Amino acid sequence: MMRYVWKIAAALLVYYSLVAGLTGEVPRMAILNETIRNIYFHVPMWFTMMALFLVSLIYSLKYLSGSSPDHDLVAAEAARVAMVFGIAGLLTGMLWARFTWGAWWVNDTKLNGSAATMLVYAAYFILRNSVPEKQKRARLSAVYAIFSFSLMIVFIMVLPRLTDSLHPGNGGNPAFGSYDLDSRMRAVFYPAVAGWILVGLWILQIRIRTRKLENTVSI
Amino acid sequence: MRNIFTLVGKEITLEWRNKYALSGVFIYVISTIFICYNAFRQMIDPQAWNALFWIILLFAAVNAVAKSFMQETRGLQLFYYSFLDPQQVILARIVYNSVLMTVISLASFGFYTVFLGNLVADVPMFLLGLLLGSTGFAAVLTLVSAIASRAGNSASLMAVLSFPILLPLLITVIRFSRNAMEGFSWSVNNPHLLVLLSLNALVIALAYLLFPYIWKA
């Protein structure tokens with residue numbers, strides 16, 4: 001029973017955020033208008049992506065210290081699922097940008113940082129595919145993941161604070177807590193974040209099980 | 001420590017003996033600059049001047065450092081493996097590649113000024129950016145070239161792996177040198193300087209810690 005609780009919670013939280021997010025009261029704001037509801041979907045995608053990349057990073061470190069093939073499997077699959085959430089984050093963000101900033105893509109440090117993160121992990125999978133030998137592949141990709149993740153942190157967390165960004169919380173724009181998240185929105189936003197992170201972990205769990213089954217069947 | 005200097009010395013001697021590799025990189029830079037000169041004719045925009053310069057340097061760096069671990073024979077690797085610490089090897093490589101990159105970037109700056117004119121207001125500040133950019137590029141590319149060579153793959157893997165992770169460094173150094181071109185005071189550029197320094201420190205520390213694992217592979 002306990003094994004299902006967090007999955008039930010994930011489903012309920014996401015359904016709640018869908019219903020409450022689309023029907024609930026939101027502040028009337030110029031330019032943003034009704035698109036402000038996108039915050040319940042766009043931002044959780046990034047949080048989930050970061051959470052999964054963190055899982056991938058932790059398992060890469062674990063692999064280097066213990067050389068267990070299972071850790072490598074988790075690291076790779078977490079990065080794969082994180083990529084899916086990252087693409088979803090980019091798409092929801094592009095849609096939002098089209099209706100508020102007027103273009104599908106704007107030259108903004110956060111956008112460029114997230115696009116570069118996608119490129120890094122695409123490179124990570126190219127590296128994985130180009131090494132046939134399993135142990136070597138695991139070791140090299142773990143090293144690359146740790147190295148690149150550390151640099152991406154600088155890209156996403158530090159650089160935007162040095163320049164202007166259209167996103168809230170950077171370069172003189174107020175952080176989003178201070179102006180557009182009133183208490184009604186918080187009541188939807190935080191459950192949405194928690195729900196989507198749990199869904200991400202759930203997908204990860206299924207992926208890992210599938211891969212393990214594939215491995216045993218093929219041998 | 002002595003081993004590191006011996007290794008750096010050995011690299012320099014080797015490089016000097018096969019002059020074709022080093023002169024290859026120089027010819028590469030000169031011809032790229034010459035192509036840009038012919039393509040652009042008149043470069044009036046300082047921003048484009050700066051961006052183009054760093055892009056030329058980026059490609060030169062990938063070319064120059066890519067061979068770092070690839071040209072080594074199996075026998076030489078075994079020799080290193082049995083007599084040296086991996087940490088000594090990587091530090092020596094980073095030092096050597098930084099020196100190489102600094103020389104290349106200074107020379108490129110010279111050629112670039114000859115062909116496309118000098119638009120830099122604060123030359124010492126620009127040179128500092130050049131130095132920090134060169135060492136940063138060298139350190140990142142050294143580790144990536146170690147990964148790429150162990151993956152048994154060519155220059156294309158090197159480019160795919162290194163370009164996205166060079167972006168933070170590239171963007172910071174482009175901003176830093178743009179401010180130097182405009183002749184802004186140090187106080188404007190200090191945050192960028194700080195980011196550049198810490199990126200260099202971060203990359204070198206990570207390379208130092210992670211290289212032993214590649215070494216074993």
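Predicted model: local features only at pLDDT ≥ 70, side-chain atom pairs only at ≥ 80, totals over all residues.
Me: How confident is the predictor in chain A, on average?
Reply: Chain A has a mean pLDDT of 83, with 88% of its residues reaching 70 or more. Over residues 171–175 of chain A, though, pLDDT stays under 50, and for that stretch the model has 11 contacts beyond four places in sequence.

Me: And chain B, what does that average?
Reply: The average pLDDT in chain B is 85, and 95% of the residues score at least 70.

Me: Where in chain B is confidence lowest, and where is it highest?
Reply: Confidence is lowest in helix 4 of chain B, residues 74–83, where the mean is 74, and it is highest in helix 6 of chain B, residues 123–150, at 91.

Me: Switching to the interface, how many residues does each chain bring to the contact?
Reply: Chain A brings 27 residues and chain B brings 30 residues.

Me: How much area is buried there?
Reply: About 2,600 Å² is buried between chain A and chain B, and carbon and sulfur atoms give 85% of that area.

Me: OK, so where do R80(A) and E77(A) lie?
Reply: R80(A) and E77(A) are both in helix 3 of chain A, residues 69–100, and they sit three residues apart, which is about one turn of the helix. Their side chains meet in a salt bridge, with an N to O distance of 3.5 Å.

Me: New topic: how many cavities of 30 Å³ or more are there?
Reply: The count comes to three cavities of 30 Å³ or more. The second largest cavity holds about 50 Å³ of space.

Me: Which residues line the second largest cavity?
Reply: Its lining is made up of M50(A), F53(A), T117(A), Y121(A), F149(A), M152(A), I153(A) and I156(A). By type, the lining residues of this second largest cavity divide into seven nonpolar, one polar and no charged.

Me: Which helix gives the largest share of that lining?
Reply: Helix 5 of chain A does, with four residues. Helix 2 (39–66), helix 4 (109–130) and helix 5 (134–162) of chain A each supply at least two residues of the lining of the second largest cavity.

Note on methods:
Residues numbered from 1 in each chain as written. Chains lettered and ligands numbered in written order. Heavy atoms only, no water. 1 Å grid on protein atoms, 1.4 Å probe; cavity = no way out; pocket = protein on both sides within 12 Å on 5 of 7 lines; lining within 4 Å. Points joined across faces, edges and corners; volume = space filled by probe spheres on them. Nonpolar A, V, L, I, M, F, W, Y, C, P; charged D, E, K, R; others polar. pLDDT = per-residue confidence, 0-100. Contact = heavy atoms within 4.5 Å. Buried area = accessible area lost by both parts, 1.4 Å probe. Salt bridge = Lys/Arg side-chain N within 4 Å of Asp/Glu carboxyl O.
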